[in-house]
Amino acid sequence: MTDRFLPPSHDGLDRLRDLVAGARDIVAFTGAGISTECGVPDFRSPGSPWLVHKPIAYQSFMASEQARREAWRRKFAMDDTYRHAEPGRGHAALAALHARGVLRAVVTQNIDNLHLRSGLPPEKVIELHGNGSYAVCLGCDKRHELADVRASFERTGEAPRCDACGGPVKSATISFGQPMPEDAMRRAMHAVSRCDLLLAIGSSLVVQPAARLPLIAKTEGAALVILNRDPTPLDGFADLVLRADIGDALSRVL
Ligand SMILES: [Zn+2]
């Protein structure tokens, strides 16, 4: 199951088509699997460049200038491995649900910005782990553009400081050890507890607290569909489990 996809059965795709057709208020919960066909590496895959350019934990980032420099060096090295990534068929399928007026939100664990680039409006995209396509000042929350940060880093070799307050500037992602963003979690809880269909797509559903969200939807009466390459701990709670190529399945159904 790790290197070959089972071809999705017609029954499974038909059932997904029916569930989507009958839903009025859909939430998609997405993980790395929706972006792998776009060339964004999955942290969990063997040989992943994430393991070479391992992100620096939040406490280390805060503790030393040297760690901040190293964090930025790895961040730019990692970005270079997928800088040509474009939204894929899965992103396009969810954008199509939005166009039909039945998508409440996309709750994502991904930091690759591809849901926004696929045309979803920002208010529909809830980023639990932040967004790696820009940076923020940890002192005053001012947004900083990566191109500026990179130019400065390459010129001086120093970790960037905020021009407004002098605070450290960090990629707008949620690092290991950094608290989950409260506003995003609150919006995600609100969305999943009110939807009538939750599509869990490309997530192994093991990282907490995000992995609880599909269960909350199910408990509140939504139908739960899990589309992922590998089995997940929540498969037994799902109305439908599809172990299929994500881009292929979603483009055929949506
Ligand atoms: Zn600042």
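**Ground rules.** I number residues from 1 along each chain as its sequence is written. In this predicted model, local features need pLDDT of at least 70 and side-chain atom pairs count only at pLDDT 80 or more, while totals for chains, interfaces and linings use all residues, and side-chain values use heavy atoms, with hydrogens and water left out.

**Zinc site.** I looked up the donors first. The zinc ion is held by the SG atoms of C137, C140, C162 and C165, at 2.3 to 2.4 Å. I took donors as N, O and S atoms within 2.8 Å of the metal (3.2 Å for Na, K and Ca); water is not among the atoms, so sites may look incomplete. Along the chain, the donors are spaced C-x2-C-x21-C-x2-C.

Next, the geometry. The angles subtended by the four donor atoms run from 92 to 118°, so the arrangement is tetrahedral.

C162 is buried, at a relative accessible area of 5%. C165 is partly exposed, at 40%. My cut-offs: buried is under 20% relative accessible area, exposed is over 50%, and partly exposed is in between (1.4 Å probe, protein chains only).

**Aromatic rings.** I paired rings of Phe, Tyr and Trp (its six-membered ring) if their centres lie within 6.5 Å; planes under 30 degrees apart are stacked, over 60 edge-to-face, the rest tilted. That rule gives two aromatic pairs. In W72 and F76, the ring centres are 5.3 Å apart and the planes stand at 35°, so I logged the pair as tilted. Both residues sit in helix α4 (residues 65–81), four residues apart, about one turn of the helix. I take helices as DSSP runs (H or I, at least four residues), numbered from the N terminus.

W72 is buried at 2% relative accessible area. F76 is buried too, at 4%. F76 also pairs with F153: centres 5.8 Å apart, planes at 50°, so this pair is tilted. F153 lies in helix α7 (residues 146–156) and F76 in helix α4, so the pair ties together parts 77 residues apart in sequence. I found F153 buried at 13% relative accessibility.

**Charge over a ring.** I noted R143 over the face of Y134, 4.0 Å from the ring centre. The test needs NZ of Lys or CZ of Arg within 6 Å of the ring centre and within 35 degrees of the ring normal.

Methods. Tetrahedral: all angles 85-135°; square planar, octahedral: opposite > 155°, others 65-115°. Helix = DSSP H or I, 4+ residues; strand = E, 2+ residues; numbered from the N terminus.
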